[in-house]
Amino acid sequence: MAAASLFSVIIPTLQRSPRLKHLVRICADHPLVLEVLIINNAPVPLKFESSKVRVLDQAENIYVNPAWNLGAREARGELLAILNDDILFDVQALDYSAKLLRRGWVGLVGPSASCFRSPEGPIAWRLATHENIPNRFGVFMCLRRSDYVPIPEQLRIWYGDDWLFLQQRRPNVALMGTAFDTEMGTTSGSPEFRELREVEARAARTIIDPLRGSRWWHGPSRALHTLRRARTKLRGG
């Protein structure tokens, strides 16, 4: 299969999650994955047996959002999958995300909150709004590499998922009916990063807030439901 139709998987890590090696193995074994890029922010070297895995060792912790930027620059696949190092998921999520992205009208794909609560299949999608971001949407995000917009340097750990979500030119979608599990905040929740979070929250008010509502799909679910209902009535449905 041509590289253009495959994923480059990007996983930043400080090696604090015991799930990392299992996650890398799941990704490397998937036929739609061209490569797995591990941005190693820890001082201890990492080694993997698979020829698909590339470890990008950093001299010091560059933090998660710069690691995403680095991975996007290094990626060779047409599609990107940006993953937390502490998640597990059903591999059908990659297959289905690729199918959606190849349709051409989808921007960013991530899990809905329902994916973390014993979801019942079959796998499906719905329109995502910015409400999805606080509900673990950012632990697994798929998009075309051409749609990746580098995250500003003022945002190092948080708000990178907000940035990518709000920068998309096409509607974003949330997966349903497929299982995800995460320890959530294995690294970013550490006390050592608490002060940095306050700094980034102030930066986000300048960088992120002006983007909210700049696309019609950014709005709350209730507003989108009202809009869809109004369109149906106008069509005589």
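User: Is Val91 buried, exposed or partly exposed, and what is its relative accessibility?

Analyst: Val91 counts as partly exposed, because its relative accessibility is 34%; buried means under 20% relative accessible area, exposed over 50%, and partly exposed in between (1.4 Å probe, protein chains only). This is a predicted model, in which local features need pLDDT of at least 70, side-chain atom pairs count only at pLDDT 80 or more, and totals for chains, interfaces and linings use all residues. Residues are numbered from 1 along each chain as its sequence is written, and side-chain values use heavy atoms, with hydrogens and water left out.

User: What is Val91 in contact with, leaving aside neighbours within four places in sequence?

Analyst: With those neighbours set aside, Val91 is in contact (heavy atoms within 4.5 Å) with Ile26 and His30.

User: Changing topic, how many disulfides are there?

Analyst: The whole structure has 0 disulfides, a disulfide being a pair of cysteine sulfur atoms within 2.5 Å. For Cys142, the nearest cysteine sulfur belongs to Cys27 and is 9.5 Å away. Cys142 is buried, at 0% relative accessibility.

User: And how many aromatic pairs?

Analyst: The structure holds 7; rings of Phe, Tyr and Trp (its six-membered ring) pair if their centres lie within 6.5 Å, and planes under 30 degrees apart count as stacked, over 60 as edge-to-face and the rest as tilted. One of them is tilted: the ring centres of Phe116 and Phe180 are 5.8 Å apart, with planes at 45°.

User: Which cluster do ring pairs link?

Analyst: Phe89, Phe116, Phe140 and Phe180 are linked into a cluster by ring pairs. Within it, Phe116 is buried at 14% relative accessible area, and Phe180 is buried at 5%.
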